[in-house]
Amino acid sequence: MAKKVRAAVIGVGIGKYHLEGYQSHPDSEVVALVDLREDALQAAACKYGVANAFTNHREMLKMKEVDCVSVCVPNKFHMPLVMDCLKAGKHVLTEKPLARNAAEGQKMVDAAKAARKLLMIQFNNRFRPESQLLKSYIDAGELGDIYFARCGWLRRNGIPGWGNWFTTKDLAGGGPLIDLAVHMLDLTMWFMGNPQPETVLASTYSVFGPKMEALGPWGTPNPKGVYDVEDMAVAMIKFANGATIALEASWASRCKREWVYSTLMGKQAGASLERVFEVDGIDNTSVDTLELYTQRFGQPVNQSLIFPADEAMGRHSAVMHFVDSIVSGKQPISPGTDGLRIMKILDAAYKSAQTGKAVTIK
Ligand SMILES: NC(=O)c1ccc[n+]([C@@H]2O[C@H](COP(=O)([O-])OP(=O)(O)OC[C@H]3O[C@@H](n4cnc5c(N)ncnc54)[C@H](O)[C@@H]3O)[C@@H](O)[C@H]2O)c1
């Protein structure tokens, strides 16, 4: 029997999905966990039956048997930890966003190339069943060229961990633009065949966050902490092939309800992938839908496919794909370079919001 891929997970917050993903794959196992918080580390090691637990990732990296590492820590620490893992000869799956900005992301991509190791980014929305199905329709030419898309992730009352790392620019790099929009922008660009971005015009707003309103249920608010990021962002992105994306994201806005969506306009057909929440607010029952908009016999025809909500939002499948990539030696479908392309757009969006002018991406 071939040897299993042996993984380590750094960060036991969202890292639990990585643990479960590795443990669901017949060809992988988790051999080590790392977290600064001893109590959370021991609880996860016990729950998932992982023998080795460390509070310092450098101790874990001494384990020769570790083949790959999931990096699931606050955004500021993606770059240094990923670099350490690559230098230690491990394949790396890092959480989104790739880093706080493109300069950090470039270093990570360069390091993976130099180390000849895989660097994958956890763009889990690509791995949702409805995303996979829509992508196969697009690749089969069902939509034709996609020239316009609208996408976004709007929350009404969903500021995560007020005063903790999520709302501190130095630790997170930004607010919902870098936290939520990153997912739907990536998904939409993937549907569109990853066109080359050229120009970004954006605005950011901080309306409810500074007043400590519209808090979500994640994390414990820290009233003594910092809130210096946006709570809403909008952007228009133009691509070299003439296509355009209109993007919106909020942690806090007086929108109707939480809404996660990507709507595509193709020259033959349109499509919309949505996660719609049942009632206002957050963490309510949601339903995932995929609709196709075509024209047959001169009439509009709509097709609607309904999917059961996947609480994991493709996270387990993404981790399992990473294991498959290591086993096959092939690049994953969401390599670090795709994360870097998104970081360049987000950098341009923040700059545009600051200057009030459109920003060209070089
Ligand atoms: N893909 C998704 O759907 C998704 C969802 C949520 C968060 N994320 C991303 O995952 C990352 C982590 O977010 P989270 O929600 O789990 O945050 P979190 O604060 O809940 O957990 C982060 C964990 O990392 C640990 N940690 C911090 N620095 C560390 C270090 N140097 N070494 C070891 N452990 C360290 C913390 O102690 C904490 O337990 C972020 O980049 C975030 O953007 C992705």
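Leaving aside neighbours within four places in sequence, which residues is asparagine 194 in contact with? They are Arg126, Met189, Asp338 and Arg341, where contact means heavy atoms within 4.5 Å. This is a predicted model, in which local features need pLDDT of at least 70 and side-chain atom pairs count only at pLDDT 80 or more, while totals for chains, interfaces and linings use all residues. Residues are numbered from 1 along each chain as its sequence is written, and side-chain values use heavy atoms, with hydrogens and water left out.

**Asparagine 194**

- Asparagine 194 sits in the loop between α8 (176-191) and β8 (197-205); helices (H or I, at least four residues) and strands (E, at least two) are DSSP runs, numbered from the N terminus.
- The side chains of asparagine 194 and arginine 341 are joined by a polar contact of 3.5 Å.
- A polar contact is a pair of N or O atoms within 3.5 Å; within protein, one must be able to donate a hydrogen and the other to accept it, and residues adjacent in sequence count only if both atoms are side-chain atoms.
- From C-alpha to C-alpha, asparagine 194 and alanine 249 are 20 Å apart in space, and they are 55 residues apart in sequence.

**The ligand**

- The ligand is surrounded by 20 residues (a heavy atom within 4 Å), and the closest are Ile14, Asp35, Arg37, Asn75 and His78.
- An oxygen atom of the ligand lies 2.6 Å from a polar side-chain atom of aspartate 35.
- For histidine 78, an N or O atom in the side chain is 2.8 Å from an oxygen atom of the ligand.
- Arginine 315 has a polar side-chain atom 2.9 Å from an oxygen atom of the ligand.

**Helices α4 and α5**

- Helix α4 (residues 78-87) packs with helix α5 (residues 102-115) at an angle of about 5 degrees, and their axes are 10 Å apart.
- Axes are lines fitted to C-alpha atoms, for helices over the stretch in contact, and angles run from 0 to 180 degrees between N-to-C directions.
- The two helices α4 and α5 are therefore roughly parallel to each other, a term for angles under 35 degrees.
- On the α4 side the meeting residues are His78, Met79, Val82, Met83 and Leu86, and on the α5 side Glu104, Lys107, Met108, Ala111, Ala112 and Ala115.

**Helices α1 and α9**

- The axes of helix α1 (residues 15-24) and helix α9 (residues 315-328) cross at roughly 55 degrees and come within 8 Å.
- Residues making the contact include Tyr17 and His18 of α1 and Arg315 and His316 of α9.

Conventions: Angles under 35 degrees count as roughly parallel, over 145 as roughly antiparallel, 65 to 115 as roughly perpendicular and the rest as oblique.
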